[in-house]
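Visitor: Can we walk through this one together? I'd like to start with the charged pairs.

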Amino acid sequence: MSPLPVDWEAKYRQGTTFWQRPDSNPALAGWLADGTLRPGRILLPGAGQGAEPLDLAKAGFDVTVVDIAPSAVAFQQGRIGPFGGHVLLADLFAWEPDAPFDAVYDQTCLCALSPALWDAYAARLARWVRPGGVLAVLFMQTNGEGGPPFHCDLGRMRELFPADSWTWPAPLPAPVAHPSGLSEQPAALMRLSA
Ligand SMILES: C[S@@+](CC[C@H](N)C(=O)[O-])C[C@H]1O[C@@H](n2cnc3c(N)ncnc32)[C@H](O)[C@@H]1O
């Protein structure tokens, strides 16, 4: 089990969810439009109460959501359950899928985890994306100390997702503004064969 320095369930119950967007991240629309993300099996770790799982389900994806907060899981069950989506209450550090996914969409999950857990989380992401599959990730840019959200320095991200395992886009797309005033660096990384 991972240490949970944050009581995420309490935040949902109290409505202190400053990270939440009213609609899907504009980066998702871009990846759908340019074919970076094509209908297939997709995992959203730590999806919270975000709008992205529903938009992906409506776009024909086979969506799996894993979150540790019961309120987030109940919310997503109501949203994507009718589309046949899979919604799991689990700790990402204790859970393993039966098979890797065509794609993983990570939005403010990595940055929500203590950096002490990042190597272990990146190793899991590398297992969870099939060779040739895509990790569509939003690297939160806080340029500050502490967290969550923790600053996802891009040099550190290139160490976590190294070029011998992941193909990075060049150049990186423009950062996306976050409602909190922060910004997110989108990157769609292709998983190379192990
Ligand atoms: C900052 S929120 C982001 C939610 C959503 N992705 C969004 O953009 O609105 C982080 C989410 O990760 C979940 N989470 C944190 N640690 C987790 C863990 N170890 N296993 C599963 N979910 C976790 C929290 O419950 C929370 O829903």
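Guide: Term first. A salt bridge is a side-chain nitrogen of Lys or Arg within 4 Å of a carboxyl oxygen of Asp or Glu. This is a predicted model, where local features need pLDDT of at least 70, side-chain atom pairs count only at pLDDT 80 or more, and totals for chains, interfaces and linings use all residues. Residues are numbered from 1 along each chain as its sequence is written, and side-chain values use heavy atoms, with hydrogens and water left out.

Visitor: How many salt bridges does a search of the whole structure find?

Guide: Seven. One of them joins Glu9 to Arg13, with the closest N and O atoms 2.7 Å apart.

Visitor: Where do Glu9 and Arg13 lie?

Guide: Both are in helix 1 (residues 8–14). They are four residues apart, about one turn of the helix. Helices (H or I, at least four residues) and strands (E, at least two) are DSSP runs, numbered from the N terminus.

Visitor: Is Glu9 buried or exposed?

Guide: Glu9 counts as buried, at 13% relative accessibility. Arg13 is exposed, at 67%. Buried means under 20% relative accessible area, exposed over 50%, and partly exposed in between (1.4 Å probe, protein chains only).

Visitor: Which residues are linked in a network of salt bridges?

Guide: Glu96, Arg124 and Arg127. Glu96 and Arg127 have their closest N and O atoms 2.4 Å apart. Arg124 and Glu96 meet at 3.2 Å, N to O.

Visitor: Why does Arg124 count as buried?

Guide: Because its relative accessible area is 15%, and buried means under 20%. Glu96 is partly exposed, at 37%.

Visitor: What else does the Arg124 side chain reach?

Guide: The backbone oxygen of Trp95, at 3.2 Å. That is a polar contact: a pair of N or O atoms within 3.5 Å; within protein, one must be able to donate a hydrogen and the other to accept it, and residues adjacent in sequence count only if both atoms are side-chain atoms.

Visitor: And helix 5 itself, which residues are buried there?

Guide: Trp118, Tyr121, Ala122, Arg124, Leu125, Ala126 and Trp128. The buried residues pack against several elements, including strand 1 (41–45), helix 6 (154–160) and strand 8 (183–191).

Visitor: New topic. Which domains does the assignment give?

Guide: Domain 1 (38–99) and domain 2 (107–194). Such bounds come from an automatic or database domain assignment. The centres of the two domains, taken over C-alpha atoms, are 19 Å apart.

Visitor: How many residues of domain 1 are in contact with domain 2?

Guide: 10 residues of domain 1, with nine residues of domain 2. Contact means heavy atoms within 4.5 Å.

Visitor: What area do they bury between them?

Guide: About 860 Å², 60% of it on carbon and sulfur atoms. In domain 1, Leu92, Phe93 and Glu96 lose the most area to domain 2, together 58% of what that side buries. Buried area is the accessible area (1.4 Å probe) that two parts lose on being put together, summed over both.

Visitor: How many salt bridges are there across that interface?

Guide: Two, by the rule. Seven residue pairs are in polar contact across the interface, both residues at pLDDT 80 or more.
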